[in-house]
Amino acid sequence: MKPLPRITDESKEYWNATKNEKLMLQKCTTCNNIQFYPRFFCIECHSQDLDWIESEGRGKVYTYTVIRRAPSKAFVEDVPYTLALIELKEGVRMMSTIVDDKIKIGDQVEVVFEEVDESLKLPKFKKHGDGSRASLTNRASGV
Ligand SMILES: [Zn+2]
């Protein structure tokens, strides 16, 4: 069994949204700062007036690393896999797994959701424009 994300009061809304294949970010209503991961306050102005906005789910690979040695037994079948820092179009960076074999820095990626069980879906990223576009991303971008 893989370690699952710890769902806290701050991140509850976020994980509820991923169940519906939505990637949500927090937006400060005081200074308009957008942030990830979820917190109780804005990291720019410390306001607690935060809204949720839906991310377009697209961005680019800021940096990445290929994991060749499983961090624990649960990941043995997954290695090698690519862990990347994704810079979303909204400007925030998010650590996630890339489902493609080969990527490079600057590659355009889009979110896909992997169902872990009924109560949890994990956002992962795949290369954008590889011919097998996810319908959920089309919907999110209004295409
Ligand atoms: Zn703020």
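The dialogue below goes from the whole chain to single residues of this predicted model.

Q: Which helices and strands does the chain have, and in what order do they run?

A: Begin by listing the elements. Here the secondary structure comes to two helices and eight strands. From the N terminus on, the order is α-β-β-β-β-β-β-β-β-α.

Q: What share of the contacts between residues at least 6 apart in sequence join residues at least 24 apart?

A: In this chain the share is 50%.

Q: Why do residues three or four places apart in an α-helix point the same way?

A: An α-helix has 3.6 residues a turn, so such residues point the same way. Now take helix α1, residues 12–19, whose buried residues are Y14, W15 and T18. These three cover an arc of only 90° around the axis, which puts them on the same side of α1. What they pack against is β1 (24–28), β7 (108–117) and β8 (120–127). Just after α1, E21 takes a positive phi of about 55°.

Q: Is E110 buried or exposed?

A: Count the C-beta atoms around the residue; 20 or more others within 10 Å make it buried. E110 has 23 C-beta neighbours inside 10 Å, so E110 counts as buried. This residue lies in strand β7, one of the strands that the buried residues of α1 pack against.

Q: How do strands of a sheet pair?

A: They pair through backbone hydrogen bonds, either parallel or antiparallel. One case in this chain is an open sheet of three strands, in the order β2-β1-β3, with antiparallel pairing. At its edges stand β2 (34–35) and β3 (50–54), each with a single partner strand, so one side of each is left without a neighbour in the sheet.

Q: How many bridges join β1 to β2?

A: Two bridges join these antiparallel strands. To follow a pairing residue by residue, look for bridge partners. For Q26, the partner in β2 is Q35.

Definitions and conventions: Residues numbered from 1 in each chain as written. Predicted model: local features only at pLDDT ≥ 70, side-chain atom pairs only at ≥ 80, totals over all residues. Helix = DSSP H or I, 4+ residues; strand = E, 2+ residues; numbered from the N terminus. Contact = placed C-beta atoms within 7 Å. Buried ≥ 20, exposed ≤ 12 C-beta atoms within 10 Å, placed from the backbone. Arc of directions from axis to C-beta. Pairing = 2+ DSSP bridges.
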